[in-house]
Amino acid sequence: MNYKVLLIVGIVVILLVGIGAAYIMMKSSTSPSSTSTTTTTTPTSSSNTTSTSTSTPNNNFYFLALTQKGIAQVLNPFSSSQNFLGFTRVVNISTSVPTQVYYWEEVEGGANMKVLFMPLNNGTVFVINTTTFKVVKTLEVGSSVGFIGVSISPNGQYAAIADGPSGVLEVINTQTLQTVWSQKFVSPTTGKTYYPCDVRWTPDGSSLVVPMRFNNSVDLISASNGTVLVVRPTSLGSQPYMVSPNQQGTMVAVEFAGNNSVGFYSLPSLQYLGMVQMPKGLTPQRGVFTPSGQYYLEAPSNNDTVVVISTSNFQIVKEIPLPQITPAGLADIEITPGGSYAYVVIHGSVQTGGMIVLISLSSLSVSTTLPLTTAPAIVIPISQSMGTYLVNQVMLPPVTGLHC
């Protein structure tokens with residue numbers, strides 16, 4: 001009998017211990033000190049929040065457009081009712097083609113410019129004070145009609161000028177407006193120009209990438225003294241004539257006029273990486289890498305479309321149709337401040353006008369179109385504060401139907 005009693009008591013004790021342990025475990029699982037569930041879910045929530053915040057586009061800029069007739073305009077691309085804010089005549093330019101403001105100026109997004117450079121289609125470059133919009137100096141780089149353009153260094157302290165017809169490449173100090181160095185690239189046997197019709201700074205500001213169109217080469221040149229560092233020969237008759245480095249400083253794209261293709265090369269060694277043939281007879285002219293470097297956006301000179309090229313496999317992944325303008329063809333494509341958009345400049349004509357088109361880089365589609373009653377030549381993003389100052393202090397009120 002005693003044995004049975006002891007057995008029953010032992011079973012009861014075991015049950016009570018088990019029930020107590022289970023209760024303690026259940027209580028501990030609901031205690032605030034247990035944070036395992038919260039810890040694992042927090043990174044997911046944080047990641048989602050970051051993704052949403054970075055997708056908000058940066059619209060805090062205006063455009064400064066220099067027209068083919070020498071007029072400067074401040075434009076708001078995000079206002080359908082009041083996009084033309086003010087204008088002023090910078091310089092009188094004749095309607096004849098040789099003296100049109102037609103080619104390009106590239107300004108780094110973060111550069112604080114005291115002057116702007118306005119290259120004409122005859123080898124002349126006007127230097128403009130950004131406070132008064134008066135011409136403060138005239139640079140005579142060449143004397144023939146052809147490609148000429150200006151590229152500003154990443155720190156805004158220097159301007160590189162390339163004039164194809166004369167073969168001249170030079171660097172100007174933007175503070176003193178004095179020439180740092182000037183080199184002439186011509187054939188030693190024939191005396192003909194190598195035609196450096198484009199120039200771009202590497203992101204670190206140490207070098208210039210220059211296509212030598214009639215030498216069939218792409219050159220890397222020291223920005224400090226003009227010494228040629230690397231010469232990369234291209235195929236005979238390929239005619240490299242425009243270049244664009246990526247923001248990472250690891251790759252450069254080259255537009256070829258001779259075979260309607262875009263080549264990709266490494267930086268700084270200029271080793272060949274890949275080639276993309278343009279579709280349907282499109283002629284490549286100017287392109288730009290997206291900020292991440294994932295895509296290269298090519299703006300053809302003979303059609304109103306943007307070709308999207310993957311930089312991982314050098315294949316065309318998309319074509320973005322733009323509004324059709326006569327004559328067809330795109331003049332320039334660059335990235336806006338903040339990296340939310342690429343903006344495309346369509347020259348059009350002085351009589352019918354042109355257009356600025358914003359392409360959303362998140363969707364790779366047209367976001368905003370800004371029709372103009374005149375033909376834009378050079379378009380530069382500026383801060384809204386600078387735009388407001390120019391409109392209030394320097395420029396005249398907008399005039400409906402301004403064709404100049």
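Trainee: How much accessible surface does the protein have, and what share belongs to carbon and sulfur atoms?
Mentor: The accessible surface is about 18400 Å², and carbon and sulfur atoms hold 56% of that. Keep in mind that this is a predicted model.

Trainee: Okay. What share of the residues is buried?
Mentor: Of the 404 residues in the protein, 51% are buried.

Trainee: And how many helices and strands are there?
Mentor: You'll find three helices and 28 strands. For contacts with a separation of 6 or more, 45% come from residues 24 or more positions apart.

Trainee: Let's look at one of those strands. Where is Phe-117, and is it buried or exposed?
Mentor: Phe-117 is in strand 5, residues 115–119. It counts as buried because its relative accessibility is 0%, and the cut-off for buried is under 20%.

Trainee: What does Phe-117 touch, not counting residues up to four places away in sequence?
Mentor: Quite a list: Glu-105, Val-125, Phe-126, Val-127, Leu-139, Val-150, Ile-152, Ala-159, Thr-174, Leu-177 and Ile-378. Take Val-127 from that list: it is ten residues from Phe-117 in sequence, with the C-alpha atoms 4.7 Å apart.

Trainee: Where does Leu-177 sit, and is it buried or exposed?
Mentor: Leu-177 is in the loop between strand 10 (168–173) and strand 11 (179–184). Its relative accessible area is 14%, so it is buried.

Trainee: What about Asn-260, where is that and what is its phi?
Mentor: Asn-260 also has a positive phi, near 50 degrees, and is not a glycine either. Look for Asn-260 in the loop between strand 17 (251–256) and strand 18. With a relative accessible area of 23%, Asn-260 is partly exposed.

Trainee: Switching to peptide bonds: is the one from Leu-267 to Pro-268 cis or trans?
Mentor: That one is cis, with omega near 5 degrees. Pro-268 lies in the loop that runs between strand 18 (261–266) and strand 19 (272–277).

Trainee: And the bond that joins Thr-326 and Pro-327, cis or trans?
Mentor: Also cis, and omega is about -5 degrees. Pro-327 is in the loop between strand 23 (315–321) and strand 24 (332–335). As background, most peptide bonds are trans.

Trainee: New topic, then. How many cavities of 30 Å³ or more does a search of the whole structure find?
Mentor: One. The volume of the largest cavity is about 120 Å³.

Trainee: Which residues line the largest cavity?
Mentor: The lining is Tyr-102, Tyr-103, Trp-104, Phe-147, Met-242, Gln-285, Arg-286, Ala-331, Asp-332, His-347 and Ala-377. By class, that makes seven nonpolar, two polar and two charged residues.

Trainee: Where does the largest cavity lie relative to domain 1 and domain 2?
Mentor: It lies between them, because domain 1 (66–97 + 278–396) and domain 2 (103–265) both give residues to the lining.

Trainee: Now Gly-387. Where is it, and is it buried or exposed?
Mentor: Gly-387 is in helix 3, residues 384–394. It is buried, with a relative accessible area of 0%. Beyond its neighbours within four places in sequence, Gly-387 is in contact with Tyr-62, Val-74 and Ile-382.

Trainee: How far is Gly-387 from Leu-64?
Mentor: They are 323 residues apart along the chain, and their C-alpha atoms are separated by 7.7 Å.

Trainee: What about Pro-57, where does that lie?
Mentor: Pro-57 lies in the loop between helix 2 (36–54) and strand 1 (62–67). At 42% relative accessibility, Pro-57 is partly exposed. Leaving out residues up to four places away in sequence, it touches Ser-340 and Tyr-341.

Trainee: Last one: which strand has Val-366, and what is Val-366 in contact with?
Mentor: Val-366 is in strand 27, residues 365–371, and is partly exposed at 33% relative accessible area. Setting aside neighbours within four places in sequence, its contacts are Ile-320, Pro-321, Leu-322, Val-357, Leu-358 and Ile-359. Val-366 and Leu-322 are 44 residues apart in sequence, and 7.2 Å apart in space from C-alpha to C-alpha.

How values were computed
Residues are numbered from 1 along each chain as its sequence is written. This is a predicted model: local features need pLDDT of at least 70, side-chain atom pairs count only at pLDDT 80 or more; totals for chains, interfaces and linings use all residues. Side-chain values use heavy atoms; hydrogens and water are left out. Helices (H or I, at least four residues) and strands (E, at least two) are DSSP runs, numbered from the N terminus. Buried means under 20% relative accessible area, exposed over 50%, partly exposed in between (1.4 Å probe, protein chains only). On a 1 Å grid over the protein atoms alone, a cavity is a set of points where a 1.4 Å probe fits but cannot get out, and a pocket is an open set with protein on both sides within 12 Å along at least five of seven lines; lining residues have an atom within 4 Å of a point. Grid points are joined across faces, edges and corners, and a volume is the space filled by probe spheres set on the points. Ala, Val, Leu, Ile, Met, Phe, Trp, Tyr, Cys and Pro count as nonpolar, Asp, Glu, Lys and Arg as charged, and the others, Gly among them, as polar. Domain bounds come from an automatic or database domain assignment. Contact means heavy atoms within 4.5 Å. Accessible areas come from the Shrake-Rupley method with a 1.4 Å probe; for residues, only the protein chains shown count as cover.
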